[in-house]
Amino acid sequence: MESLRTSGVVGDRIAGTVLAVLAAGAWWHSHSFATGFMQPVGPGAFPRLVSVPLGLLALYLILRPGFNQRWPHRAALLRQVGALMLLGGYSAFLEPWGFLPASLVTVIVLIRLFGAPWKQSLVSGAILTVGLYALFEFALGMPLPNMPGLSW
């Protein structure tokens, strides 16, 4: 039982360290976003806003580990690694493919990773992708990358 607790503590500290590095990287990279003329809040505000609580929670995991007392089973660990790889691929393909196709593929595969059937994945993925596009593009006025050859 003690070895399970030790592995949980180590796992929490590893996760905390990775999240702390991610928070610091997001904070640092957010300063490279260009702010428009006479814009009080630029595009770097959101990454900075997210990186502060992420960094604080990561430090908490490093300093006070122990809530999760076991490593995930192999299948759950593979799903987590698959989700991370999928999100990394999403960030790589978002610009060249455009928001709609990249998001549709990512959401469908992500839903499938967690066990949903194909029909449910396709319907939910399409609804979520179109809803997010409408929210960001029309409601919030934030331009998203268009598909190549399509500009409206």
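Serine 103 touches Tyr90 and Thr129, leaving aside residues up to four places away in sequence; a contact here means heavy atoms within 4.5 Å. The model is predicted, so local features need pLDDT of at least 70 and side-chain atom pairs count only at pLDDT 80 or more, while totals for chains, interfaces and linings use all residues. Residues are numbered from 1 along each chain as its sequence is written, and side-chain values use heavy atoms, with hydrogens and water left out.

**Overall architecture**

- The protein has 5 helices and 0 strands, where helices (H or I, at least four residues) and strands (E, at least two) are DSSP runs numbered from the N terminus.
- From the N terminus on, the order of elements is α-α-α-α-α.
- Of the 152 residues in the protein, 20% are buried, that is, under 20% relative accessible area with a 1.4 Å probe and protein chains only.
- Among contacts between residues at least 6 apart in sequence, 59% join residues at least 24 apart.

**Serine 103**

- Serine 103 lies in helix α4.
- Serine 103 counts as buried because its relative accessibility is 4%.

**Helices α3 and α4**

- The axes of helix α3 (residues 74–97) and α4 come within 8 Å and cross at roughly 170°; axes are lines fitted to C-alpha atoms, for helices over the stretch in contact, and angles run from 0 to 180 degrees between N-to-C directions.
- Helix α3 is therefore roughly antiparallel to α4, a term for angles over 145 degrees.
- Residues making this contact include Leu86, Tyr90 and Trp97 of α3 and Phe99, Ser103 and Leu110 of α4.
- By class, the contact of α3 with α4 has 14 nonpolar, 3 polar and 1 charged residues; Ala, Val, Leu, Ile, Met, Phe, Trp, Tyr, Cys and Pro count as nonpolar, Asp, Glu, Lys and Arg as charged, and the others, Gly among them, as polar.

**Helices α4 and α5**

- Helix α4 (residues 99–113) and helix α5 (residues 118–139) have axes that come within 8 Å and cross at roughly 140°.
- The residues of the contact of α4 with α5 divide into 12 nonpolar, 5 polar and 1 charged.

**Aromatic residues**

- Phe99, Tyr133 and Phe138 form one aromatic cluster; rings of Phe, Tyr and Trp (its six-membered ring) pair if their centres lie within 6.5 Å.
- The count by this rule comes to 3 aromatic pairs.

Key: Phe/Tyr/Trp six-rings, centres within 6.5 Å; stacked < 30°, edge-to-face > 60°. Buried < 20%, exposed > 50% of the residue type's maximum accessible area, 1.4 Å probe, protein only. Parallel < 35°, antiparallel > 145°, perpendicular 65-115°, else oblique.
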